[in-house]
Amino acid sequence: MLSEGKIVAIKKSKLVDENQVELFINEVVMLSQIIHRNVVKLLGCCLETEVPLLVYKFIFNGTLFDHIHDKTNEFPLSWNMRLKIAVEVAEALAYLHSATAFPIYHRDVKSTNILLDEKYVAKVSDFGTSRSIAVDHTHLTTLVKGTFGYLDPEYFQSSQFTEKSDVYSFGVVLVELLTGQRPISSAKTGEERSLATRFLLCMEGENLEQILDAQVLEHDKRQELIAMAKLAQRCLNLNGKKRPTMKEVTMELEIIKMSQTHSTTSETKYQGIELRKSKAILISDDDYTWTSTSDNIIKSSDAYPLKIHTV
């Protein structure tokens, strides 16, 4: 709690070494460029303490992972809430990929890095492994980053992280929302441990209902469930070039969401499935501002503590 009573979240490095400091500086650089309602807000930082500190707006309702997988939760996520959260996360990632001065790849998209505020609005967090890609670079070669169960299989072969790698990870999050299952199962062996693999096998065998969460099946939204499952299947394509962009993912999720919220509808064919969609315009008219620094990389010697300004 700050002196004026504002509750904040503090992120600090567990280890004091140069790599950790560089990750924190990178996160400051990334977040200073991002202004979006579905990205957690950075309030300030301090690099002169014993370990680096980042100060964030506190998000009250915890992680999406907890809400999906905690079976004791008094308020389980309804299908409508899951779809809304999927749209919000997709919008944030599409913004990072295409609406900033340089594309930003998150590189660790997962349900534990998606926070929910008091109104259950999704906030993408944890940009410690993100990278901003300059326009004259097509990819970035790095050490393996990300989390098993979410990591793009192509990355293991090429060590090249692209926007389609974030798309794959988001596809796993979609499958979590659909199935209520963890990305890696300790109760299974071999390929069966991977939720993505089990899901794709069910899709290929036209046996989707076998893997869907009972809570979403109860809501009688079969067309919407199938449409999202088809989209997740495309996101999880082993060939990254065949995956949709996050812009395309966002628009397709908006179509699914609009099909349930508008009474004035028209019939349309969508990915081979009949859906009802609204005649409304699909593109959001929200405007976002962009703030950038002259350099993409800040050396530790040039970094200074930021004064924390509260809103």
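**Exercise 1. Find which ring the charged end of Arg 107 sits over in this predicted model, and describe the surroundings of that ring.**

Step 1. Start at Arg 107: its charged end sits over the ring of Phe 161, 6.0 Å from the centre of that ring.

Step 2. Now check how covered Phe 161 is. Its relative accessible area is 1%, so Phe 161 is buried, as the limit for that class is under 20%.

**Exercise 2. Work out how many aromatic pairs the whole structure holds, and sort each by its geometry.**

Step 1. A search of the whole structure gives two aromatic pairs.

Step 2. Take Phe 58 and Phe 60. Their ring centres lie 5.0 Å apart and their planes meet at 80°, so this pair is edge-to-face. The cut-off to remember here is over 60 degrees.

Step 3. Tyr 155, at 1%, counts as buried.

**Exercise 3. Decide how helix α5 and helix α6 are oriented to each other, and list what makes their contact.**

Step 1. Locate the helices: α5 covers residues 163-179 and α6 covers residues 195-204.

Step 2. Read the geometry. The two pack at an angle of about 70°, and their axes are 10 Å apart. Because angles of 65 to 115 degrees fall in that class, α5 is roughly perpendicular to α6.

Step 3. Collect the residues. From α5 come Tyr 168, Val 172, Val 175, Glu 176, Leu 178 and Thr 179, while α6 brings Leu 195, Ala 196 and Phe 199.

Step 4. Sort them by type: seven are nonpolar, one is polar and one is charged.

**Exercise 4. Is α6 mostly covered or uncovered, and what covers its buried residues?**

Step 1. Seven of the 10 residues of α6 are buried, which leaves the helix mostly covered.

Step 2. Name them: Leu 195, Ala 196, Arg 198, Phe 199, Leu 200, Cys 202 and Met 203.

Step 3. Look for the cover, which includes α5 and α8 (222-235).

How values were computed: Residues numbered from 1 in each chain as written. Predicted model: local features only at pLDDT ≥ 70, side-chain atom pairs only at ≥ 80, totals over all residues. Heavy atoms only, no water. Axes fitted to C-alpha atoms, helices over the stretch in contact; angles between N-to-C directions. Helix = DSSP H or I, 4+ residues; strand = E, 2+ residues; numbered from the N terminus. Parallel < 35°, antiparallel > 145°, perpendicular 65-115°, else oblique. Contact = heavy atoms within 4.5 Å. Nonpolar A, V, L, I, M, F, W, Y, C, P; charged D, E, K, R; others polar. Phe/Tyr/Trp six-rings, centres within 6.5 Å; stacked < 30°, edge-to-face > 60°. Buried < 20%, exposed > 50% of the residue type's maximum accessible area, 1.4 Å probe, protein only. Lys NZ or Arg CZ within 6 Å of the ring centre and 35° of its normal.
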